[in-house]
Amino acid sequence: MVVATILQEVNIEEKINNAPDNSYEIGVFIGSMIPFVVLAIIAYAIYYYNKKRLNKE
C-alpha cells in the first residue's frame, strides 16, 4: 500500500508551471478534487442507506 502511494505522488505546482495554457490548470484542479468528491458521495450513500434501514425497523 505504501509503495502505491509513493508512486502516485504528484507535484501539482510543477504540472501547472509546465502547463501549455490556462485550461490545463483547470483540468489539474478538477482531477485533484475528483477523489474527494467520490469519497463524499460514497459516504453519503452509506449514511442514506443506514438511515433508511433504521427507519424501517
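With a relative accessible area of 62%, E13 is exposed (the label takes over 50%; under 20% is buried, and anything in between is partly exposed, with a 1.4 Å probe and protein chains only). This is a predicted model in which local features need pLDDT of at least 70 and side-chain atom pairs count only at pLDDT 80 or more, while totals for chains, interfaces and linings use all residues. Residues are numbered from 1 along each chain as its sequence is written, and side-chain values rest on heavy atoms, with hydrogens and water left out.

E13 sits in helix α2, which covers residues 12–17. Its C-alpha lies 9.6 Å from that of E25, a residue twelve positions away in sequence. Overall, the chain has three helices and zero strands, giving the pattern α-α-α along the sequence. Helices here are DSSP runs of H or I with at least four residues, strands are runs of E with at least two, and numbering starts at the N terminus.

The accessible surface of the chain is about 5500 Å², and carbon and sulfur atoms account for 65% of that (Shrake-Rupley method, 1.4 Å probe; for residues, only the protein chains shown count as cover).

Helix α3 runs over residues 22–56. Still, α3 has a kink of about 35° at I34, shortly before the proline P35. The bend is taken as the angle between axes fitted to the seven residues ending at a residue and the seven starting there.

Then there is the greasy side of things. A nonpolar surface patch of about 1200 Å² is built from I26, F29, I30, M33, I34, F36, V37, V38, L39, I41, I42 and I46. Patch members have over 30% relative accessible area and no salt bridge, with nonpolar side chains (Val, Leu, Ile, Met, Phe, Trp, Tyr) joined within 5 Å and like charges within 9 Å; a salt bridge puts a side-chain nitrogen of Lys or Arg within 4 Å of a carboxyl oxygen of Asp or Glu. V38, for one, is partly exposed at 41%.

The aromatic count comes to two pairs. In the tilted one, Y44 and Y47 are 6.3 Å centre to centre, with 40° between the planes; both lie in α3, three residues apart, about one turn of the helix. The rings of Y44 and Y48 have centres 6.2 Å apart and planes at 20°, so this pair is stacked. Rings of Phe, Tyr and Trp (its six-membered ring) pair when their centres lie within 6.5 Å; planes under 30 degrees apart are stacked, over 60 edge-to-face, and the rest tilted. Y44 and Y48 are four residues apart in α3, again about one helical turn. Together, ring pairs link Y44, Y47 and Y48 into a cluster. Y44 is exposed at 52%, whereas Y47 is partly exposed at 48% and Y48 is partly exposed at 44%.
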